[in-house]
Amino acid sequence: MRRRKAQEKVVLPDPKYNSVIIGKFVNMVMLAGKKSLAEKMVYGAFEVIKKNLNEEDVIKVFNKALDNARPRLEVKPRRVGGATYQVPIEVRQERGTSIALRWIRDFAKVKKGKSMKEKLAEEIISAYKGEGSAIKKRDDTHKMAEANKAFAHFRW
C-alpha cells in the first residue's frame, strides 16, 4: 500500500519580479535559512546578466534558460523479476523545472574563483545560449532514456 501524496507547498513569488519561479530559485539557492543573502545572490546574478547580454527583460532570459535546461525524459529504475531496468519516463512540467533549477544551482556552486552571483549568471547565460553544464546534463539524461527505450514497456 502506498502512503499518501505529499502536500504541495505554496511558494510565494519573489518581491522584486513577482515571479513564483524566481521565488523557487531563491529558496533553492538559500543556505541555512538566509533568504536575504540568497535574494542578493540571485538579483545580483540578474544584474550581471542584464549587463553582459544588454537585455532589459531578465525574466525572459531566465525562463528561456530554464526551458533549454529542462529535461523532457528521464530514467527510473524498476525491479522486474530480479533484474533492475532503467525505464524511460516523461517528466512532468513542474518536476522538469525544479530539476533544471537544481542543475543550474549545483553547476554554479561547483565552479571556482568567482562570487556566487557571477557563477549563477554565467550558468544562466550559458543555458540561455544552449550550452554549458546544465544543457550537457540534460542531453546525457535524454541519451540515457533513448538508449533504454527498449524497456519502456515496463512503465506502469
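**Pocket notes**

I began with the class make-up of the second largest pocket: its lining has 3 nonpolar, no polar and 7 charged residues. For these classes, Ala, Val, Leu, Ile, Met, Phe, Trp, Tyr, Cys and Pro count as nonpolar, Asp, Glu, Lys and Arg as charged, and the others, Gly among them, as polar.

I note that the model is predicted, with local features needing pLDDT of at least 70 and side-chain atom pairs pLDDT 80 or more, while totals for chains, interfaces and linings use all residues. Residues are numbered from 1 along each chain as its sequence is written, and side-chain values use heavy atoms, without hydrogens and water.

I looked up what a pocket is here: an open set of points on a 1 Å grid over the protein atoms alone, where a 1.4 Å probe fits, with protein on both sides within 12 Å along at least five of seven lines; lining residues have an atom within 4 Å of a point.

Back at the second largest pocket, I found 10 lining residues, with Glu-74, Lys-76, Arg-78, Ile-89 and Arg-92 nearest its centre. Strand S1 (73-80) gives the largest share, 3 residues, and strand S2 (83-90) supplies at least two. Strands are DSSP runs of E, at least two residues, and helices runs of H or I, at least four, numbered from the N terminus.

Next, I turned to the largest pocket, which has 16 lining residues; Gln-7, Glu-8, Lys-9, Arg-92 and Glu-94 lie nearest its centre. Helix H4 (93-110) and helix H1 (20-29) each supply at least two, and H4 gives the most, with 4. I counted 4 nonpolar, 2 polar and 10 charged residues in this lining.
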